[in-house]
Amino acid sequence: MSKRSKGIKNFLRQLVYYHTNKVVQIRSFKLGLLYYFLIALVLCYVCLWMIWWRKGYQSSDQLIGLTSVKVKGVSYLNTTNGIVVWDAEDVGKFSSLFLL
């Protein structure tokens, strides 16, 4: 077998390999307490400080970008009352677009 065919074979092997995460269960009261304390600390920071105290749910920012969508073609919906056809002009009437 030549060096080139070995290189291609190794490349194909590496291409189909995948890695998984190993799950380890550590039974330590101190580490568990520290883990859940840090989670509670982050949760309190987000909920109490950022949202409730600073009223982060009311904050706003200046517009820094714009997204524009151009719709081409037609769409149709088969209902019990018949076929409903929509085109780009019909979508613009509602100022919203739903993609499925």
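Predicted model: local features only at pLDDT ≥ 70, side-chain atom pairs only at ≥ 80, totals over all residues.

Residues are numbered from 1 along each chain as its sequence is written, and side-chain values use heavy atoms, with hydrogens and water left out.

The protein chain has an average pLDDT of 78, and 83% of the residues score at least 70. Among the elements, H2 has the highest mean pLDDT, 90, while helix H3 (residues 88-93) has the lowest, 66. Helices (DSSP runs of H or I, at least four residues) and strands (DSSP runs of E, at least two) are numbered from the N terminus. The protein chain holds 3 helices and 2 strands, and along the sequence they follow the pattern α-α-β-β-α.

Let us look at helix H2, which covers residues 29-53 and has a kink of about 25 degrees centred on Tyr-45. The bend at a residue is the angle between two fitted axes, one for the seven residues ending there and one for the seven starting there. After H2 comes Lys-55, with a positive phi near 50 degrees.

How much of the protein chain counts as buried? Of its 100 residues, 1% do, where buried means under 20% relative accessible area, exposed over 50%, and partly exposed in between (1.4 Å probe, protein chains only). The protein chain exposes about 11000 Å², with carbon and sulfur atoms supplying 63% of that area. These accessible areas come from the Shrake-Rupley method with a 1.4 Å probe, and for residues only the protein chains shown count as cover.

| Residue | Relative accessible area | Class |
|---|---|---|
| Tyr-35 | 49% | partly exposed |
| Tyr-36 | 57% | exposed |
| Cys-44 | 42% | partly exposed |
| Cys-47 | 37% | partly exposed |
| Val-74 | 65% | exposed |

Aromatic rings come next. Rings of Phe, Tyr and Trp (its six-membered ring) pair if their centres lie within 6.5 Å; planes under 30 degrees apart count as stacked, over 60 as edge-to-face and the rest as tilted. By this rule there are 2 aromatic pairs. One of them joins Tyr-35 and Tyr-36 edge-to-face, at 4.9 Å centre to centre and with 75 degrees between the planes.

Why does the structure hold 0 disulfides? A disulfide is a pair of cysteine sulfur atoms within 2.5 Å. The sulfur of Cys-44 has its closest cysteine sulfur in Cys-47, 7.4 Å away, which is too far for a bond.

Finally, Val-74 sits in the loop between H2 and strand E1 (75-79). Its C-alpha atom is separated by 4.4 Å from that of Asp-87, although the two are 13 residues apart along the chain. Leaving aside residues up to four places away in sequence, Val-74 touches Val-85, Trp-86 and Asp-87, where contact means heavy atoms within 4.5 Å.

Terms used: pLDDT = per-residue confidence, 0-100.
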